[in-house]
Amino acid sequence: MTALVIAHRTCPRQAPENSIAGIREAARAGADAVEVDVRVTADGHPVLMHDPTLWRTTRRGRRVDRTLLAELRRLRLRGSEEPAPTLAEALAALDGDLRMAIDVKDPAATDAVLAEVRDQHAAGRVLFWAKSAAAVARAAERAPEIEGSLLRDARRPDELRRFLADAVSARARGISAHWSVITPRFVDEARGHGLRVYAWCKTRDISPAKAASLDGLVTDWPA
């Protein structure tokens, strides 16, 4: 099995995070997929944005969900002339076989994300990820053709057992776990529940054996 190489927040060491430029950089680096964070604007449009507020990436001190899309589009991502992309623009920027893991930061964005994916006929090339079990369950109900995964920063044995149980209950098809808990035993247990296994490694110190056990590795260094 070969793990997918998934560029974290597009490719933030070469371009602004969650940007069209970052998607292009990830493709040039040879990534199999890009991971993006999505929230909805006040008027219901899904956009690429990690934080609940715009401050860190645009220096505008407002919440994403209290900002109209037209207002957001007038802002520029720090260090560039690019506005925060809509999910529609990001999906349209996927060239070749590049896929997208959509981390839905706000459960309220679930329906808008699924609608956009369907409008773009992109169900076969996206993964739906969320920390909210309710959001994953809703995606499984409304769009069973899209692979959904539950994300959780579980570490203790009891937390990991609950993590797997919640993923199964939400009808997730995968999980994204903390890099430190990726062991042969945990991966085997997850697969025993029929779950794919993804993980984000925050450093360049990536164990080839550990990475090879995964379905996907999320990294800031896709090359």
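Searching the whole of this predicted model for disulfides turns up zero. Cys11 is in no such pair, and the nearest cysteine sulfur, which belongs to Cys201, sits 15 Å away. Taken from the other end, the sulfur of Cys201 has Cys11 as its closest cysteine partner, and at 15 Å that is too far for a bond, given that a disulfide calls for sulfur atoms within 2.5 Å. Both cysteines are tucked away from solvent: Cys11 counts as buried at 2% relative accessibility, and Cys201 is buried with a relative accessible area of 2%.

Helix α8, spanning residues 184-192, has two sides to it. Phe186, Val187 and Ala190 are buried. Looking down the axis of α8, these buried residues fall within an arc of 100 degrees, so they line one face of the helix. Just past the end of α8 comes Gly194, with a positive phi of about 80 degrees.

Then there is the pairing of α5 (residues 110-119) with α6 (residues 133-142), whose axes come within 10 Å and cross at roughly 35 degrees. The crossing is right-handed. On the α5 side the contact is made by Thr110, Asp111, Leu114 and Arg118, and on the α6 side by Ala135, Arg138, Ala139 and Arg142. Sorted by class, this contact has four charged residues, three nonpolar and one polar.

Technical notes: Residues are numbered from 1 along each chain as its sequence is written. This is a predicted model: local features need pLDDT of at least 70, side-chain atom pairs count only at pLDDT 80 or more; totals for chains, interfaces and linings use all residues. Side-chain values use heavy atoms; hydrogens and water are left out. Axes are lines fitted to C-alpha atoms, for helices over the stretch in contact, and angles run from 0 to 180 degrees between N-to-C directions. Helices (H or I, at least four residues) and strands (E, at least two) are DSSP runs, numbered from the N terminus. A crossing is left-handed if the near helix is turned anticlockwise from the far one by less than a right angle, and right-handed if clockwise. Contact means heavy atoms within 4.5 Å. Ala, Val, Leu, Ile, Met, Phe, Trp, Tyr, Cys and Pro count as nonpolar, Asp, Glu, Lys and Arg as charged, and the others, Gly among them, as polar. Buried means under 20% relative accessible area, exposed over 50%, partly exposed in between (1.4 Å probe, protein chains only). The arc is that of the directions from the helix axis to the C-beta atoms.
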